[in-house]
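Please look over the sequence and the model below before reading on. The text then goes through them part by part.

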Amino acid sequence: MQAVVCSDPSSLNAVVSTAADQDYMARALALAERGLYTTTPNPRVGCVLVRDNAIVGEGWHERAGEPHAEIVALRAAGNAARGATAYVTLEPCCHHGRTPPCVDALIGAGVARVVAAMTDPNPLVAGAGLARLQAAGISVQSGVLQEAARELNVGFVSRMRRGTPWVRLKIAATLDGKTALADGASQWITGPEARADGHAWRARACAVLTGIGTVRADDPSLTVREVRTPRQPLRIVIDSHLAIAPQAKVLAGGGALVVAAHEDDANAQALRAAGNEVLVLPADGRVDLAALMRSLGARSMNEVHVEAGPTLSGSLLQAGLVDELLVYLAPGIVGDRARGMFDMPQLSALSQRHALDFRDVRRIGPDLRILARTIRT
């Protein structure tokens, strides 16, 4: 079956791909995933160059400021790139950023065809890269394994389209939905496998966010420890009154962001002197959470990983700021008097509940992991 090549870049998603196209794009996606922990704030991108039914070059983008996936693949292919098909998980860029446009490199290398998994949501590209390639006489196609490509870069897509990061809320709970005993004891509800898996999700995020209640109760460091990663996400604490203790683990070494509703000069100065940042975003005596997400988007944060108690978790959910729930359910029951997942106003009808879409359910050690998306109406 031959691939359908569209002459109008705006209709490139309406295509039919061959089995070979999907296989090579799957390889490109696997390469892109190697940059899962490193590419931020850039998207995770992989590229495979194929000529005469053989891979002649491949590569992935590793970190911002370094060569994009297309450039790595072209260097690997050398002269074999001429007449080849380039499979790339995101539309090649056509603007000057930290690196030159990839479309120019593809054109200069004599590539005959470019297949993109998806168009780039960045307004500086948004179809213009494919249009440039097509204008240069290169056959272009988009939409091959598009959903998988979007999932890999869900945070980048969110920031480009909404101006805010993708917010993932992680919760560890018993089967009856309890996150801690009445006295706050919560270590450890889930097993070591689930905790390690949770750290992998931390590692892919740009920031890990919690509230002052969790800092007081558990004194977390919010660092990635269970998986190998070359960088640590930004640590963020919501602390309306800047009451955080200077010896809190989350502040160790500086570099944390403390978000307040009121600026206490002495506490703010002490935090800054220790190398931390204080951001004041007031809203009716509390932190303006929506403004915080806009601020994080402006800071090029793609994914925010939340590990908080029921108060902050409930506030984020009520404000419509949670995109995804990452819930680890342990095989145990602790009863109604233990603490729940969300502190929210009582509902008067089931129709008021927050609807979810289960995207993935699997066993992690003895626990269950549920990945669910919030349904926005």
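The model is predicted, so local features need pLDDT of at least 70 and side-chain atom pairs count only at pLDDT 80 or more, while totals for chains, interfaces and linings use all residues. Residues are numbered from 1 along each chain as its sequence is written, and side-chain values use heavy atoms, leaving out hydrogens and water.

Nine strands form an open sheet in the order S10-S9-S8-S7-S13-S6-S14-S16-S15, with mixed pairing. Helices (H or I, at least four residues) and strands (E, at least two) are DSSP runs numbered from the N terminus, and two strands pair if DSSP finds at least two bridges between them. Strands S10 (277-280) and S15 (356-364) each have a single partner strand, so one side of each is left without a neighbour in the sheet. From one strand to the next the twist averages 20°.

Strands S7 (residues 207-211) and S13 (residues 303-306) are paired in the parallel sense over three bridges. Val208 has His305 in S13 as its bridge partner. Helix H7 (residues 192-204) packs on the sheet and touches, among others, S6, S7, S13 and S14; its direction makes about 165° with that of S14. Contact means heavy atoms within 4.5 Å, and angles run from 0 to 180 degrees between N-to-C directions, with axes fitted to C-alpha atoms, for helices over the stretch in contact.

The largest pocket holds about 1300 Å³ of space. Its lining has 50 residues, and Thr210, Thr214, Glu307, Ala308 and Gly309 are the closest to its centre. Elements that each supply at least two lining residues include S6, H7, S7 and helix H8 (212-218). On a 1 Å grid over the protein atoms alone, a pocket is an open set of points with protein on both sides within 12 Å along at least five of seven lines; a cavity is a set where a 1.4 Å probe fits but cannot get out; lining residues have an atom within 4 Å of a point.

The largest cavity has a volume of about 60 Å³, the space filled by probe spheres set on grid points joined across faces, edges and corners. Of its 14 lining residues, Asn42, Arg44, Phe156, Asn302 and Glu303 lie nearest the centre. Helix H6 (residues 154-162) gives the largest share of this lining, three residues.

In H6, seven of nine residues are buried, meaning under 20% relative accessible area with a 1.4 Å probe, protein chains only. Phe156 is one of these buried residues. Their cover includes helix H5 (146-152), S6, H7, H10 and S13.

Terms used
Buried means under 20% relative accessible area, exposed over 50%, partly exposed in between (1.4 Å probe, protein chains only).
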